[in-house]
Amino acid sequence: KDARRIIVPTFSEPDSDDRRPTLYYTPADFLELQGSTKSFQSIILTNSYSGVTDSPTPANVHILSASANFFDFFGVPAVLGRTFVPADVPNQENPPDLAVIGYKLWLTQFNGRADVVGQDLKMRGRAYKILGVMPARCGWFDTDAFIPESIRPSNNSHAWLIMRLREAVSLASADAELQSFTERFAKRNPSNYPRRPFQMRALP
């Protein structure tokens, strides 16, 4: 899909050209943006962390948990099986234990077997049903396993959002809308946002 319209929200202090790292949002912020934005066609939420597989053999893995529209957003199909889609996650607060595994993990943990789809990837004390395998070129931050994220409005943890601009929407318009939303979020949860005045920027 058109990567030119993909942006991440960043911020800077007034009268400064210094663009800060990505600003992180809460699940409640994500849901409000997703349901109310006029500038963005779609928004995804992601988190990443390290873990250890319980089987087939113990191994350190990089796990990415994401909103159910993650793969639709990027439009990258699985090389084997399929990816998860919103229909697989009818309840975002309690997503099913599904996994799409990276190409490297497929080779090292499952010996590149074609019958891996439907098998379990055991990690974090849970068994995740494998839906598919991503192609080798899909090296999203060296992710070994993609799983659906639990998106609870009451969860005040931070997550990374990635957004796709609607066609014909300018970056200036997107900046203005992000500013309005984020100022409102900051009033609701001031500890999650910069305490000093800030200026939002949609960074391609």
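## Basis of the values

Residues are numbered from 1 along each chain as its sequence is written. In this predicted model, local features need pLDDT of at least 70 and side-chain atom pairs count only at pLDDT 80 or more, while totals for chains, interfaces and linings use all residues; side-chain values use heavy atoms, with hydrogens and water left out.

## Strands around β7

Helices (H or I, at least four residues) and strands (E, at least two) are DSSP runs numbered from the N terminus. Two strands pair if DSSP finds at least two bridges between them. Strand β7 (residues 126-133) is joined to β4 (residues 80-81) by two bridges, and these strands run antiparallel. Here L80 stands opposite V133 of β7. Strand β5 (residues 98-101) pairs with β7 in the parallel sense over four bridges, and A99 has I130 in β7 as its bridge partner.

Strand β6 (residues 120-123) is antiparallel to β7, with four bridges between them. L121 has Y128 in β7 as its bridge partner. β6 and β7 form a hairpin with two residues between them, and R124 in the turn has a positive phi of about 55 degrees.

## Helix α4

Helix α4 (residues 171-188) has 18 residues. From its first C-alpha to its last, α4 reaches 25 Å, close to the 26 Å expected at 1.5 Å a residue; the expected span is 1.5 Å times one less than the number of residues.

Buried means under 20% relative accessible area, exposed over 50%, and partly exposed in between (1.4 Å probe, protein chains only). The buried residues of α4 include A174, L178 and T182. The buried residues of this helix pack against β1 (6-12), α1 (27-36), β2 (40-55), β9 (160-165) and β10 (199-203), where contact means heavy atoms within 4.5 Å.

## Salt bridges

Seven salt bridges are found in a search of the whole structure; each is a side-chain nitrogen of Lys or Arg within 4 Å of a carboxyl oxygen of Asp or Glu. R184 and E32 meet in one of them, at 2.8 Å from N to O. This pair links distant parts of the chain, R184 in helix α4 and E32 in helix α1, 152 residues apart. R184 counts as partly exposed at 38% relative accessibility, and E32 is partly exposed at 22%.

R152 and E93 form a salt bridge whose closest N and O atoms are 3.9 Å apart. R152 lies in the loop between β8 (145-148) and β9, and E93 in the loop between β4 and β5, 59 residues apart. The side chains of R113 and D115 also meet in a salt bridge, at 3.1 Å from N to O. Salt bridges that share partners join D29, E32, R184 and R188 into one network.

## Aromatic contacts

The structure holds 12 aromatic pairs. Rings of Phe, Tyr and Trp (its six-membered ring) pair if their centres lie within 6.5 Å; planes under 30 degrees apart count as stacked, over 60 as edge-to-face and the rest as tilted. F181 and F185 form a tilted pair, 6.0 Å centre to centre with 40 degrees between the planes. Because F181 and F185 are four residues apart in helix α4, they are separated by about one helical turn. Both are buried.

Ring pairs also link F70, F71, F73, F74, F84, W140, F146 and W160 into a cluster. R164 lies over the face of F73, at 4.7 Å from the ring centre. A charge sits over a ring if NZ of Lys or CZ of Arg is within 6 Å of the ring centre and within 35 degrees of the ring normal.
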